[in-house]
Amino acid sequence: MTQTELKQEFIKLYGEGGDIRLFHSPGRVNLIGEHTDYNGGFVFPAALSMGTTIALRKRDDNIVRMKATDLPDMVTIDLSDLSGYKDLFWGNYQAGVLDELKKDGYTLVGCDMLYDDTLPHGGGLSSSAAIQVSTALTFATLAKEAEGKDEPVDMVAMAKIGQRSEHNYIGVKCGIMDQFASAMGKKNHAIFLRCSDLSYELVPMEMDGYTLIISNTNKKRGLADSKYNERRSECEEGLRILQTVLPDIKTLSDVSLDDFNKYGKVIENEVVYRRVRHVISENDRVLKSVEALKSGDMKTFGALMNASHDSLRDDYEVTGIELDTLVSEARNIPGVIGSRMTGAGFGGCTVTLAETSATEEFIEKVGKAYEAKIGYAASFYLSTIEDGGHEIF
Ligand code: GLA
């Protein structure tokens with residue numbers, strides 16, 4: 001929906017008058033560095049053109065009314081008591097963010113809102129983070145205005161609020177990557193982020209002659225949340241065991257590959273051992289990928305993407321037949337440099353680095369092969385890399 005269409009829809013729903021404002025936050029694709037964020041490691045995401053746009057108008061009471069352009073029901077939230085919204089089918093993500101903002105002392109202002117999401121829901125491109133960050137930014141902006149503070153909203157704080165709402169309201173113990181990318185993304189740049197202290201570097205994506213193709217398995221992600229939390233506890237167990245021989249480590253990312261090769265065998269449980277091996281080897285791949293990309297060495301970057309997927313399939317076990325099919329079919333196409341799953345896994349999307357000239361053949365052949373094997377169609381997106389959360393003026 002264009003900005004003008006969104007405003008027209010808003011007026012149809014809530015009536016004319018007042019100042020209608022627009023806020024936007026994007027989804028993300030992670031180029032490499034998967035399941036490392038909650039282990040204090042490195043990630044390398046970029047913000048997409050798809051995301052959440054909110055149209056809103058202030059009210060002069062404590063009520064928030066919100067609706068999505070693609071859902072029939074309107075949700076009403078009373079800001080004076082935010083308990084009781086956890087079970088909403090839609091609106092729970094927003095309520096979680098409001099709850100966290102309130103805990104941090106933001107003055108919550110009532111408003112009417114219309115959400116337009118262009119990301120596939122639950123497709124592994126951070127549709128939830130886009131909702132969380134756009135909601136946090138919107139209400140934090142209104143709060144600053146109400147409090148008479150003429151200062152910009154702290155976007156890293158918005159990312160943290162989004163993450164906390166996911167932990168406390170949704171019950172997924174996610175890392176910071178998705179919300180950080182949605183808040184802090186920059187046009188034509190990927191974010192090389194160290195999750196232990198949130199220091200980051202924006203790396204220009206010189207994509208001359210290359211394209212990132214995002215392929216969606218369209219698989220419904222059944223038990224993804226509980227599997228995600230399970231992986232996280234396996235890593236915590238691995239950390240506890242490694243600390244018996246490496247007492248100074250605080251996270252798995254404090255362990256070098258060399259130290260892991262030396263001391264890793266202390267982890268007797270073979271599954272936990274493989275989970276840890278993934279995290280430590282993946283951190284190393286991120287560092288090498290950033291170097292490769294900076295020096296324009298796409299071949300090395302592609303090979304690291306492939307190695308990342310293989311590790312997520314064999315050691316971390318978060319891929320599944322749908323993601324593996326997309327990746328193996330992608331690698332058969334001439335001009336494909338590297339292909340891997342992106343995001344949490346268990347369904348969701350893959351990201352492929354390909355020569356731009358291979359794009360058409362890619363979509364046709366991978367699409368056909370996927371449907372023949374899996375029984376339903378995949379979707380493909382060619383997104384540009386865009387800015388993180390902001391008000392649209
Ligand atoms: C999800 C989480 C992130 C991250 C990825 C896996 O997207 O929200 O924090 O852990 O999975 O890399």
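Modeller: A polar contact is taken here as a pair of N or O atoms within 3.5 Å, and the model to which this is applied is a predicted one. With that cut-off in hand, an oxygen atom of the ligand is found 2.7 Å from a polar backbone atom of His35. An oxygen atom of the ligand also lies 2.7 Å from an N or O atom in the side chain of Glu34, and a polar side-chain atom of Asp37 is 2.5 Å from an oxygen atom of the ligand. Of the 310 Å² of accessible area that the ligand has on its own, the protein covers 93%, and the space that the ligand takes up is the largest pocket.

Glu34, His35 and Asp37 belong to a shell that also includes Arg28, Tyr38, Cys174, Gly175, Met177, Asp178, Tyr228, Gly343 and Ala344. Sorted by class, this shell around the ligand has five nonpolar, three polar and four charged residues.

The structure holds zero disulfides. Cys349 is in no disulfide, and its nearest cysteine sulfur, which is that of Cys174, is 18 Å away; with a relative accessible area of 0%, Cys349 is buried. Cys235 is likewise in no disulfide, the nearest cysteine sulfur being that of Cys195 at 13 Å, and at 1% relative accessibility Cys235 counts as buried.

Conventions. Residues numbered from 1 in each chain as written. Predicted model: local features only at pLDDT ≥ 70, side-chain atom pairs only at ≥ 80, totals over all residues. Heavy atoms only, no water. Near = heavy atom within 4 Å. Polar contact = N/O pair within 3.5 Å; in protein donor to acceptor, adjacent residues only side chain to side chain. Areas by Shrake-Rupley, 256 points an atom, 1.4 Å probe, with all protein chains shown as cover. 1 Å grid on protein atoms, 1.4 Å probe; cavity = no way out; pocket = protein on both sides within 12 Å on 5 of 7 lines; lining within 4 Å. Sits in = over half its atoms within 2 Å of the grid points. Nonpolar A, V, L, I, M, F, W, Y, C, P; charged D, E, K, R; others polar. Disulfide = S-S within 2.5 Å. Buried < 20%, exposed > 50% of the residue type's maximum accessible area, 1.4 Å probe, protein only.
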